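This report walks through a structure with two chains in view. Please look over the sequence and the model first.

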Number of protein chains: 2
Amino acid sequence: MDLPHGFRFAGRATGIKKNQAKKDLVLIISDVDAVACGVFTTNKVCAAPVQVCRDRLPTKRARGIIINSGNANACTGEQGLADAKEMTASVARLLSLDSAQILVCSTGVIGRPLPMAKLRDGIPPLVNDLQDDETSFESATLGIMTTDTRPKTAFRSIRTPEGEIRIVGFAKGAAMIGPNMATMLAFILTDAVASADDLQVHLRRAVDRSFHSISVEGHTSTNDSVILMANGAGGASAHAAGDAFAQALDEVAMDLAMAIVDDAEEATHRLTIDVKGTRTEQEARQIAKAVADSPLVKTAVFGNDPNWGRICSAAGYSGVDFAETDLSLRVNGTLLYDHGMPTAFDPVAEHERMKARREVDIELIFELGTAGCRFWSCDLSTGYVRFNAEYTT
Amino acid sequence: MDLPHGFRFAGRATGIKKNQAKKDLVLIISDVDAVACGVFTTNKVCAAPVQVCRDRLPTKRARGIIINSGNANACTGEQGLADAKEMTASVARLLSLDSAQILVCSTGVIGRPLPMAKLRDGIPPLVNDLQDDETSFESATLGIMTTDTRPKTAFRSIRTPEGEIRIVGFAKGAAMIGPNMATMLAFILTDAVASADDLQVHLRRAVDRSFHSISVEGHTSTNDSVILMANGAGGASAHAAGDAFAQALDEVAMDLAMAIVDDAEEATHRLTIDVKGTRTEQEARQIAKAVADSPLVKTAVFGNDPNWGRICSAAGYSGVDFAETDLSLRVNGTLLYDHGMPTAFDPVAEHERMKARREVDIELIFELGTAGCRFWSCDLSTGYVRFNAEYTT
């Protein structure tokens, strides 16, 4: 993997997590001033670091991001804000930067003050560790994890007449994933030369198609953040690359979003929900989200049960107006429901087909218009319930 | 229990359910023409019997209701409509009534044609069984059950200057309970003299406070129906009883709604969610529903975990605008979150308190206005997932 030029990474364990040996503090630094933009949680209860990033990003520039895992610094009031700012100030001081050039993210347990003594001790050696090699990048990908079972990374490169553009992304997230993101952090870095306004447009589009189109359990978190930095160190411009840049960015975001769904806590199936033939994309998304979030649909999938009744009735309460005869449904390619009537399919064969694959394809076909969307979710398992009944406080 | 005068009941087993010995066909008949009204599912995918009732209720009159369990007669197209109508016609013929005077409800598996041969055989003896005694009433309450573990009944009587008014209700429902009801059927019968318009107002109000304020997993069903009949056989008028009639009706509906939440599939806790201090009741309901339906809140409660972070963040994504400092939270009377900040409560003591009681009281206190609401839900258990992964098809 050829990392984007001009970025350095570090990840260390400072003892924030129960398992003190696990990495919990991460730093990303661009060697030069970078164009930056972000998309953040819409939750009204939002974490201190999200508020700090929102305050700083109107400059559309940043030099780096300091991230901790194990503690979300959410619901922590004025102290939380002061702590988030202190994290950025500590990094800035050691690198002779302005603290306004450093962004900050946190993920983990809500409502506990950050263990600032550990962070104060941890930041100087973290800054010393900064390297542009793969090992340091890997440390960063590990250091942002909470209940994730594995790091999530994506990489694309594009050849342009002006030279190569590299885009790398890494993310964390395995629950509290509703669209409008989740306890989901993603960092996307590129060495392309790019305008801040173009970058924001590309990011918004990429996020809508990826992170905003996945749901684990529909619970929008307090800390969701996607941050994109372009430092121009590669010399080639995103603009010159044309659609290829937007396409590569979409793919990186999509790879990361799929990695999150595939690592959803104790899930056994990934659901791909295609809604077709609605009047608007918004209608399609509303239907997809109702299906994706229905516990009855999700438990049926866990049981490998082609329960089309639960899927169709979830569409029916989505708030979108339609007649039963407007709707047909395919699961794993088999037509189960045809213009308001169940077909004579073989439930045992469909059960076996569901059981045989991790992927489940759900296709809701309406005859209302030409819009549609694709959305991803996962099943709801006994393991998920056990896991989330036992996690904290 | 002194049943409302002038109603007869019957319940029989006709072999619709897997366990052929279980009652599955129920008839309620008023000896005289009764005023009737109903509230039905808002699901766009709605069952044939719901369509038949909607078509007939504009008359505001009915003589009876035929109900089967074990098959929802939903997603069954034109045949389903014809079958639902035939059920009412068979009853009407045997009682020398018009089929338009008979309402019909079904509950059970979606998408299978009704086994009409069994129903045709079952209806004549069912009509013969009609009695006004408690044993027949009990047969009716058993015959509407699906995954319910017990029948759900409620009874109130009111003394008025004109004599006594009796109100009895029975219901079924244990899942697919989102507000706007669920695979939920409820029948409320009174011998009061009442005007159809008054009755509709009283019923709507009672349903909003009860069946529309409970959620098991937020999945609105295709078959939800609440039907109220007042036959005047007691001679006393609801109007003369004043508020006492509305109050008694509210209580019957509330008792039934609570019985449904308490019988929620494999639930171990009942959640009572009070939202206070919002600008409007609508805002309060939106917040309550977000909390009630959050799988992360529900699994935390299953684990007896006073996880205020999940509760507050669910309120945060409800779509209602507020600042963190507007919100305080009590769980089981203990203040866990005070104007945007967690309190120094004892998590072990709170865990033990949750564990000791089936009831969990969640109180979200805002400082935005003077409106509020009360809402009920249940926890999400490993048993629920197992149960719903295994149920049909």
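In chain A, strand β10(A) and strand β15 (residues 371–378) pair in the antiparallel sense over eight bridges. Here A:Lys276 stands opposite A:Gly372 in β15(A). Strands count as paired if DSSP finds at least two bridges between them. The elements are DSSP runs numbered from the N terminus: helices are H or I with at least four residues, strands E with at least two.

This is a predicted model; local features need pLDDT of at least 70, side-chain atom pairs count only at pLDDT 80 or more, and totals for chains, interfaces and linings use all residues. Residues are numbered from 1 along each chain as its sequence is written, while chains are lettered from A and ligands numbered from 1 in the order in which they are written.

**Strand pairs**

β10 (residues 270–278) of chain A also runs parallel to β14 (residues 359–365) of chain A. A:Val275 has A:Leu364 in β14(A) as its bridge partner.

| Pair | Sense | Bridges |
|---|---|---|
| β10(A) and β15(A) | antiparallel | eight bridges |
| β10(A) and β14(A) | parallel | seven bridges |
| β8(B) and β15(B) | parallel | two bridges |

**The sheet in chain B**

Seven strands form an open sheet with mixed pairing, in the order β8-β15-β10-β14-β11-β12-β13 (chain B). β8 (214–215) and β13 (341–342) of chain B stand at the edges; each has a single partner strand, so one side of each lacks a neighbour in the sheet. In β15(B), B:Trp376 is the bridge partner of B:Ile214. Helix α10 (residues 308–316) of chain B packs on the sheet and touches β11, β12, β13 and β14 of chain B. Its direction makes about 135 degrees with that of β11(B).

**Two helices in chain A**

The axes of α8 (residues 281–293) and α10 (residues 308–316) of chain A come within 8 Å and cross at roughly 135 degrees. Axes are lines fitted to C-alpha atoms, for helices over the stretch in contact, with angles from 0 to 180 degrees between N-to-C directions. α8(A) and α10(A) are therefore oblique to each other (under 35 degrees is roughly parallel, over 145 roughly antiparallel, 65 to 115 roughly perpendicular, the rest oblique). A:Ile287, A:Ala290 and A:Val291 in α8(A) meet A:Ile311, A:Ala314 and A:Ala315 in α10(A). Contact requires C-beta atoms, placed from the backbone, within 7 Å.

**How the chains relate**

Notes
Contact = placed C-beta atoms within 7 Å.
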